[in-house]
Amino acid sequence: MLPASLERFILQRKIDSFHKIWFLLFLHQHAHEDKTHRDYARQVSFADAPTLDEVIEELQDAGLPMATGEALSLRDAPEVRSKLETMAHVFEDPTGRQELLRRPYMHAAVPM
């Protein structure tokens, strides 16, 4: 089971696709680097450039990464760092990884 605080963070920040999860974990892993959108598209193998651009835009709307010119980095906020650290820890465990990656599909199937 995912920690309740991570569940709330995922819901509040609209992390509603595995593309967003993967990209956030990628940014978290490379937090010390500044990359351009094109550099990310070349390194990220789970999405084509248009999909990646959409993911980046939606995550920026949620206040997670921020752009300075063409450089993209994670927002330097304690909550963001803490929750992404938790997400990375959950992702390391095979069972946690399955639950985390299955989560967007569970909520997409729930009628509103």
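This report covers charged side chains in a predicted model.

## Basis

Local features need pLDDT of at least 70 and side-chain atom pairs count only at pLDDT 80 or more, while totals for chains, interfaces and linings use all residues. Residues are numbered from 1 along each chain as its sequence is written, and side-chain values use heavy atoms, with hydrogens and water left out.

## Salt bridges

The whole structure holds five salt bridges (a side-chain nitrogen of Lys or Arg within 4 Å of a carboxyl oxygen of Asp or Glu). One of them pairs Glu7 with Arg103, with the closest N and O atoms 2.7 Å apart. Glu7 is in helix α1 (residues 4–12) and Arg103 in helix α6 (residues 94–108), so the bridge ties together parts 96 residues apart in sequence; helices are DSSP runs (H or I, at least four residues), numbered from the N terminus. Arg103 is buried, at 5% relative accessible area, and Glu7 is partly exposed, at 21% (buried is under 20%, exposed over 50%, partly exposed in between; 1.4 Å probe, protein chains only).

Lys20 forms a salt bridge with Asp16 at 2.7 Å between the closest N and O atoms, and another with Glu58 at 2.7 Å, N to O. The latter links helix α4, which holds Glu58, to Lys20 in helix α2 (residues 18–29), 38 residues apart. Shared partners join Asp16, Lys20 and Glu58 into one network. Lys20 is buried, at 4% relative accessibility, whereas Asp16 is partly exposed, at 47%.

## A buried lysine without a bridge

Lys83, in helix α5 (residues 78–92), is buried but has no salt bridge. The nearest side chain of opposite charge, Glu79, is 5.3 Å away.

Key
Helices (H or I, at least four residues) and strands (E, at least two) are DSSP runs, numbered from the N terminus. Lys and Arg count as positive and Asp and Glu as negative; His and the chain ends are not counted.
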